[in-house]
Amino acid sequence: MMAAARETLRSWFYRPWSLAILAAALSVALLLAGSLGVTLRQVQQRESDQMNSQGERFLERLEQLFGQLREGLDDLEAQPLRGCDMKMFTTLQQVSFSYRFVYEAAYIDQAQFCSNRPHQEALSAIRPPDIKGPTYSYWLNTSTEPDENRAALMLGRGNFRVATSRGHLTDMVDLSPGSSLLVVLDHGTRAIPVLGAPQAWPPSEPWSPFSNEPLQITQNRLIYRMPTNNPEYQLVLISPRTAMHLPALWWWLVPASLVLGLSIGALVFLLARQRQSMGGELQGALKRGELQVLYQPIFDLRSRNCVGAEALLRWRRPDGTLTSPDLFIPMAEDSGQIRQITDFVLQRLLEQLGQLLRAYPQLYISVNLAACDVMVPRIGEVMSRLLALHRVAARQIAFEVTERGLIDVVVARENLQALRDAGHQVLIDDFGTGYCSLAYLQTLPVDCLKIDKAFIDALGHDAASSGVAPHIIRMAHALELKVIAEGIEHEAQAMYLSSEGVNYGQGWLFAHALTAMQLIELVTRGRHMAPRRIDDKA
Ligand code: C2E
Ligand code: MG
Ligand code: MG
């Protein structure tokens, strides 16, 4: 059941069209989401920048304004006149002339009232002040009429009152519709609008009243609190959040994302088709016999005798080009063709070397297994059939597994154990390049580690005892595992490895991958390395 479902999924993934559509849809979605995120951030940034600068301008203006109102009052209080007469009228007018923000100045006592603007009654209706300080009293929002000239703020000292006009507040900053300028009193519990409509206070939505940030952005409002010198009150500017106007840039990002996504889809389609066609070609190659198995000899580092060989696959196309197994093996693993290929290698190797193996019972050939070969018990069955047919002992065939093939430890362990029980040797190939840990290794049924070429390279020409290789060797010995060093290219490396107790080695220093004929010749010639290197016939 599971296997069938996995097979369906796999075949779906190998259809270039479905892959391309998936890739295009995914990338369009990702690109759109990404650019929307960026744009929204930008919009929000702009919104808060605007509010911050509006708040700052308001604050500056308010400070000027309060300053002038207080100065005006101080002037009036300081002069000797009291009572309403022509002189008082002139004095009031003078104050209003000399302070730009003083729109109206008035004298008031129990009996009389006079103002520099006698026809207006703004200051005549007197109610108790909203804020009563030691020197000054404050009346806020003294008029709710939409008259620009009506007082928005009034200050009083003794018998005098001065007021500013609404226009003086709004000429600096446009208060957008729905916005309000509030004065918050009584330790933040009461708010009186100076400009704009009254607002519920404290805000009903969640906000943080103790934050030090002047600007707070809630779900649908911007709240800008302005610090004042007076602890009695605080100024607050509240604006509704503007409907998110997506900037023009966004309308460019949409088609750009679409085009980019479709291009990615097209690219995936081409790659998938190429891969599919490579898969098709590989199928043909198997049939036409373009695949060839070569054997790279493995030597005992001390005696320099050839003890075995590793079977390595080559794909030689009719036009003579060679495709590296590093390219087509991973592809075949993905497409499932690897099973056929592994079978082909096993079969070919016994056909070519069966006789040699029977004649030299100590000789072994090691075969690379793909990750999926390790996941099913199939290899053991194929092998035992072939071994019986060619009358070769199981111990003469070894299997190389990479750390990648051991991901599902439980299954891998079971299958590897079965191979060992049948008499085969199991090696870990490219050791050190994967994730295999020491603890993990202990639990695996393996006989030997192959140290990856990268670590042998790291030993360098003079093979100073540097890098990871010495550690791997010590570890392998501690676990009583044999060690094969891969990719030995210099005599110094071979000497060093041998002195460190590495038993076996393989590499261009000794031999390239050989054809079956060349290998047979090498082994039968006395199994000893000639001084000159044997060259790759491939
Ligand atoms: P691998 O199993 O680690 O094989 C060793 C690789 O190192 C081979 O490359 C070999 O030719 C190369 N090599 C050996 N000595 C030297 C040296 O001294 N210097 C350098 N520079 N390279 C050296 P190749 O044959 O290209 O194989 C590459 C990989 O392809 C193999 O790595 C193996 O993982 C995979 N492969 C090859 N044949 C098969 C096969 O039949 N089945 C499977 N499943 N994988 C295979
Ligand atoms: Mg190998
Ligand atoms: Mg290797």
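Residues are classed by relative accessible area as buried (under 20%), exposed (over 50%) or partly exposed (in between), with a 1.4 Å probe and protein chains only. The model is predicted, so local features need pLDDT of at least 70 and side-chain atom pairs count only at pLDDT 80 or more, whereas totals for chains, interfaces and linings use all residues. Residues are numbered from 1 along each chain as its sequence is written, and side-chain values use heavy atoms, without hydrogens and water.

By these limits D430 is partly exposed, because its relative accessible area is 25%. D429 counts as buried, because its relative accessibility is 5%. Both residues coordinate the magnesium ion (ligand 3), together with E486, at 1.9 to 2.5 Å; donors are N, O and S atoms within 2.8 Å of the metal (3.2 Å for Na, K and Ca), and water is not among the atoms, so sites may look incomplete. The spacing of these donor residues in sequence is D-D-x55-E. D429 also bridges this ion and the magnesium ion (ligand 2), the two lying 4.1 Å apart.

For E310 the corresponding distance is 2.9 Å. Taken alone, ligand 1 exposes 800 Å², of which the protein buries 84% (Shrake-Rupley method, 1.4 Å probe). Elements giving two or more residues to the shell around ligand 1 are β13 (306-316), α6 (325-335) and β17 (425-431); helices (H or I, at least four residues) and strands (E, at least two) are DSSP runs, numbered from the N terminus. The largest contribution, four residues, comes from β13.

Definitions and conventions
Chains are lettered from A and ligands numbered from 1 in the order in which they are written. A polar contact is a pair of N or O atoms within 3.5 Å; within protein, one must be able to donate a hydrogen and the other to accept it, and residues adjacent in sequence count only if both atoms are side-chain atoms.
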